[in-house]
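Take a look at the model below.

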Amino acid sequence: MQMTSYTESIMNELQRTVARIDDQSVGLLAGRIVQADQIFVAGAGRSGLMMRAFAMRLMHIGLRAYVVGETVTPGLTAQDLLIIGSGSGETKSLAVMAEKAAKAGAPVALATIVPESTIGRLSEIVIRVPAATKETADGGATTIQPMGSLFEQSLLLLFDALILQLMDLTGNNTSTMFGRHANLE
Ligand SMILES: O=C([C@H](O)CO)[C@H](O)[C@H](O)COP(=O)(O)O
């Protein structure tokens, strides 16, 4: 198949998937984000890359956002919020992180394929993304793509749409946000 046909299939998969994400749980997360003192985001592998992209936009909005594991990332308190992106909801390092956050009294939010997963059970807000997990031998009717690709792409779209909601809530626009963009690049 040609590249353009593959991208068309991917776009169709994405449209089907993001259309089934629950708006209410995303709205709930938007509310928690603006209330939090600091926002910590985490994810492993490709899911982690999408979470890093989200953290950058949170910073552009003027929020105190950190990627867990960076050398400059401070400690988390009960006034903060931890947002995890994990397709399986079972990635060990993230499950331990969610447990630690819950012990510190901080709410955990999770975007995942499996709400009933270990991390899902530790999370106050769970956003279900109906994609195929990375272990699924083949995505069946859900996806032609390998492993967690559909989930990872959906994460990017979900969080970019959430950023638009946060821009509305906080009165930001592209020029206020660009004003906060890194100027040492
Ligand atoms: O990097 C990944 C892999 O390429 C799957 O497509 C995953 O994102 C990584 O292994 C983390 O897994 P999850 O926590 O289940 O998202």
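## The second largest pocket

The second largest pocket holds about 160 Å³ of space. This is in a predicted model. Its lining is made of V18, I21, D23, V26, L157, L158, A161, L162 and Q165. The largest share comes from α6, with five residues.

What classes of residue line the second largest pocket? Seven are nonpolar, one is polar and one is charged.

## How α2 meets α6

Helix α2 spans residues 23-35, and helix α6 spans residues 149-170. They pack at an angle of about 55°. Their axes lie 10 Å apart. The crossing of α2 past α6 is right-handed.

Which residues make the contact? From α2 come V26, L29, A30, I33 and V34. From α6 come L158, F159, L162, Q165, L166, L169 and T170. The contact counts 10 nonpolar residues, two polar ones and no charged ones.

## The largest pocket

The largest pocket contains about 240 Å³ of space. Its lining has 17 residues. Nearest its centre lie R46, S47, K134, G148 and E152. Helix α3 (45-61) supplies at least two lining residues, and so does α6.

By class, this lining has five nonpolar, nine polar and three charged residues.

Conventions. Residues numbered from 1 in each chain as written. Predicted model: local features only at pLDDT ≥ 70, side-chain atom pairs only at ≥ 80, totals over all residues. Heavy atoms only, no water. Axes fitted to C-alpha atoms, helices over the stretch in contact; angles between N-to-C directions. Helix = DSSP H or I, 4+ residues; strand = E, 2+ residues; numbered from the N terminus. Left-handed = near helix turned anticlockwise from the far one by under 90°. Contact = heavy atoms within 4.5 Å. Nonpolar A, V, L, I, M, F, W, Y, C, P; charged D, E, K, R; others polar. 1 Å grid on protein atoms, 1.4 Å probe; cavity = no way out; pocket = protein on both sides within 12 Å on 5 of 7 lines; lining within 4 Å. Points joined across faces, edges and corners; volume = space filled by probe spheres on them.
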